[in-house]
Structure formats: structure tokens, C-alpha cells
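Please look at the sequence and the 3D structure below before reading on. The report that follows goes through the model part by part.

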Amino acid sequence: MADSDMHTLEQALAALLADVAPLSTERVSLAMAAGRVLAETLTAQLDTPPFDNSAMDGYALRAADAGRVLPVSQRIMAGDAAAPLAANSCARIFTGAPLPAGADSVVMQEQVESRDDGVYIPAPLAQGNSVRTRGREITCGETLIEAGTRLNSAALGFIAGQGIAEVAVTRRPRIALLSTGDELKMPGETLAPGQIYNSNRFMLSDLLPRFGAELTRVEHVADTSQATREALARAAAETDVVVTTGGVSVGEADHVRDALEQLGQLDLWRLSIRPGKPLALGRIGDTRFVGLAGNPVSAFVGAWLFLRPLLGALQGAAAMSELPRISARAAFDTTTAARSHYMRVALTFEGGEYHAHAFADQDSSILRSCVQADALAVIPANSSVSVGDIVSCLRLEA
Ligand SMILES: Nc1nc2c(c(=O)[nH]1)N[C@H]1C(S)=C(S)[C@@H](COP(=O)(O)OP(=O)(O)OC[C@H]3O[C@@H](n4cnc5c(N)ncnc54)[C@H](O)[C@@H]3O)O[C@H]1N2
Ligand code: MOO
């Protein structure tokens, strides 16, 4: 097959995402919602903060009363209900405590002088000083968080601040991870001559749940056409996405594409990208199929470039369709041929700009090149890059 038969990354992504609809929704308690994608737009149910309150430990008063000694008429802790402020007085108040009716400002305690008959509060004092007003963060009825947002730690806290205990989220995509290759053994087993350990299984078992997937089947498949076909059929029957590693190239033990074509359809094969050229996309019934190339770097990069957007689309998370992009100054030289190169780079920030440092050996079998990587520098096909050139980088953020 000629290089001209290869598909671009953009063509492959378009084919992969063309008809993906978000999965069904379920309600989960907020404690279980971390990393999930919101399936409803949440509306604020109350003003936060729900009442005017003090930003400081100090004294609450009418700003117009500053510049004299005021007796302390009450003491208000966070969690107390405050009585209205007595005329010509101030209230001892602590951070988060409600402002008493009649007060319009707070002075931190470091700025007052204690006297026998009260506290001297210096003038001038601005109305609203050190007061956090009701609804400053959000008011009842405003949009709290949009549907399609992946819930991060701050979002969970923000939602909790509204007293919301349960949210509707998209069901996690069920995924089967099948490794192929008779040369593979599990860590802990003894290697016979010619054998190696299964790296992809451990790498992807960690990575795919970070993209929101639930791994419901993880298994190894023997290199025969029958075993491959049976394993794909079993996996497709119970999952939303079947992912395989290895067996998609042109070797005599590469049975994955044949099995896929017998059970379903191959939508696209062979990409003009490095690493990951033999990547195969397809479907078995309603189940999506992604066949990652077996070289560990190819599987790693393929997961970031294809499985993250696919899992994002299945969860209704638009922001997952593309990795965040930054510009960086190359700290390496390179030249590409017919395939665009997704180089693994470590980013540093010096002199006001990012610098991309490429691991020296960028072969697709060298998983070590990914261990320190925090981005993929995208080098277009048939181009060259010299030290100091600006390159576009995709950040590896799940
Ligand atoms: N004649 C050709 N040969 C190859 C081509 C080609 O176009 N023509 N493409 C090369 C490229 S590029 C890649 S990438 C590989 C991918 O081939 P497969 O996807 O079929 O993968 P395998 O042959 O099964 O394995 C490739 C390599 O990776 C090792 N491997 C596989 N699985 C694992 C695992 N789970 N953990 C660790 N290592 C794994 C495997 O032992 C092989 O060394 O094909 C080239 N060949
Ligand atoms: O496409 Mo392969 O992943 O370069 O070695």
C-alpha cells in the first residue's frame, strides 16, 4: 500500500466522531461525581454567599460612625444569627459571621485601638469595607455550571456550596481492552527466549479511566484468527468501545482487521502519522472499535489522539475533542517525511516562553520517551525544525 493511501489525523478524527451520540444519563451523588460529565445545566438555587458576612476578624459598624470610640454591643461568630446592631455601637465579629442588620462595614481588628469603654475605629471608613455581600459569587436563578462540563475539584465544591447533593451525569463509556501478541507475558511471570512483558495493558488500564472510561473487560488474546474473532465478538457484546493493541499491521499474525471485517466494519486504516500508522477504526454493531498499533508509544499516542476525543464525545464533553495547544520553542532538530510526527516532549518555562525538549530516541518502541513527556510536539509532514523554531504542542492533559 502506497503512502498516498494513508489518511490524515483530521480525516480519521472526522470519521471517528461523525455519528457519536452521548450515552444515557444517570444521577449520582456529588461524592461520586468527580471527573464525570454533567448531563444537565445546573441553575443556582440560592444566593452565595446566602447573607452579607464579614471577610475579617474585627468589628462591624456603620461606616458613618467611624472616627470615635464605640461600645461593643454584641459578639457574632460564624454560624450565629446576628441581632440588629444597636445604635452608636459596634459588634465584635469574626470571618464568615453574618453582618448585623444596620451595619454596613467591617474593620479588621489590627486597625482598631482598645479603650476602657469600647474600641476606637479610625476614620475615614468606606461603606462595604471587608464585607462579602450576599450573592457576590452567584445569585439564585443564574446558570451555575453548563451541561457538558467535566466536573473538577473546584466545580464539585462550587456545586456543594449550593446544597446540591446529586447531579445528572453521562454514563461512563464501558470499554474492553484486549492485548494481542503471543510474545507477551505478564509482569511477575518468567520470560522465555523471544518473549517480552505486556506494557500496553498497564499503560492503558491507567490512561483510559482518566478519560472517563470504565474498563469492564481486560484480557489477552491469542494470535489466531479464531481467538481474535471470538474475543472481539464477546467484548463488543458488552461494551461501548473495544480497544485492541497490536495485530493491526501487515504481519502474518496480524488478525485484528480480518476479525473486525468479519464481525462488523473497518471504517479506516493507516494514518499518515508517526507513531501509530497502522491504527484501525471501525465498529461492531453499535460498539466502536479502535485498533491501536502494538508498539507501546504508538498505543500511548493513539490513545491520546483518538480515544480521548471518542470517550469525550460519548460522554458529551465537547472540551475533550482536542488537546489543549501551546506554542513552544524547539530544543531539538528534526526532519519529517510523509507522516506528521507527534514527538514526545518535556516542557520547561524559561525567559517568558515554553521550551520543548524531545527525548533523544523517538522510535515507537521506546516507551521511555513518554515517561517524562507532558506534550506532543506536532511536526507537519515533509518539514524540518531547527533548535529555536516555534512548534505547536498538544498538552497531555486528561
Ligand atoms: N512490513 C511492514 N511492517 C510493519 C509496518 C509496515 O507498514 N509494514 N508498520 C510498522 C509500524 S509503523 C508499526 S507501529 C508496527 C505495528 O504493528 P502492529 O500494530 O501489528 O503491532 P504488533 O506487530 O503486534 O507489535 C508491534 C511491536 O510492539 C510490541 N508490542 C505489541 N503489544 C505490546 C504490548 N502490549 N506491550 C509491549 N509491547 C508490545 C510487539 O512485540 C512488537 O515489537 O508494525 C510495523 N511493521
Ligand atoms: O507507526 Mo509505527 O507507530 O511508527 O512505529
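## Domains of the model

The structure shown here is a predicted model. Its chain is divided into domain 1, made of residues 3-23 and 172-320, domain 2, made of residues 25-43 and 143-170, domain 3, which spans 53-132, and domain 4, which spans 325-395. Between the C-alpha centres of domain 2 and domain 3 there is a distance of 37 Å.

## Helix H3

Helix H3 runs over residues 200-210, and its buried residues are Asn-200, Met-203, Leu-204, Leu-207 and Leu-208. When the helix is viewed down its axis, these buried residues fall within an arc of 110 degrees, so they line one face of H3. An α-helix has 3.6 residues a turn, so residues three or four places apart point the same way.

Just after H3, Gly-212 takes a positive phi of about 100 degrees.

## Helix H5

In helix H5, which covers residues 256-263, the residues Val-256, Arg-257, Ala-259 and Leu-260 are buried. Around the helix axis they cover an arc of only 160 degrees, which puts them on the same side of H5. The cover over these buried residues includes strands E14, E18, E19 (265-269), E21 (280-284) and E22, together with helix H4 (225-238).

## Around ligand 1

There are 21 residues around ligand 1, and of these Glu-183, Asn-198, Ser-199, Ser-249 and Gly-294 come nearest. A backbone N or O atom of Ser-199 lies 3.0 Å from a nitrogen atom of the ligand, while an N or O atom in the side chain of Asn-200, a residue that is also among the buried ones of H3, is 3.2 Å from a nitrogen atom of ligand 1. The side chain of Lys-277 has an N or O atom 3.0 Å from an oxygen atom of ligand 1. On its own, ligand 1 has 860 Å² of accessible area, and the protein covers 70% of this.

## Ala-160 in helix H2

Is Ala-160 buried, exposed or partly exposed? This residue, which lies in helix H2 (residues 153-160), has a relative accessible area of 41% and is therefore partly exposed, since that term applies between the cut-offs of 20% and 50%. Ala-160 and Ala-358 are 198 residues apart along the chain, and their C-alpha atoms are separated by 42 Å.

Terms used:
Residues numbered from 1 in each chain as written. Chains lettered and ligands numbered in written order. Predicted model: local features only at pLDDT ≥ 70, side-chain atom pairs only at ≥ 80, totals over all residues. Heavy atoms only, no water. Buried < 20%, exposed > 50% of the residue type's maximum accessible area, 1.4 Å probe, protein only. Helix = DSSP H or I, 4+ residues; strand = E, 2+ residues; numbered from the N terminus. Arc of directions from axis to C-beta. Near = heavy atom within 4 Å. Polar contact = N/O pair within 3.5 Å; in protein donor to acceptor, adjacent residues only side chain to side chain. Areas by Shrake-Rupley, 256 points an atom, 1.4 Å probe, with all protein chains shown as cover. Contact = heavy atoms within 4.5 Å. Domains from an automatic or database assignment.
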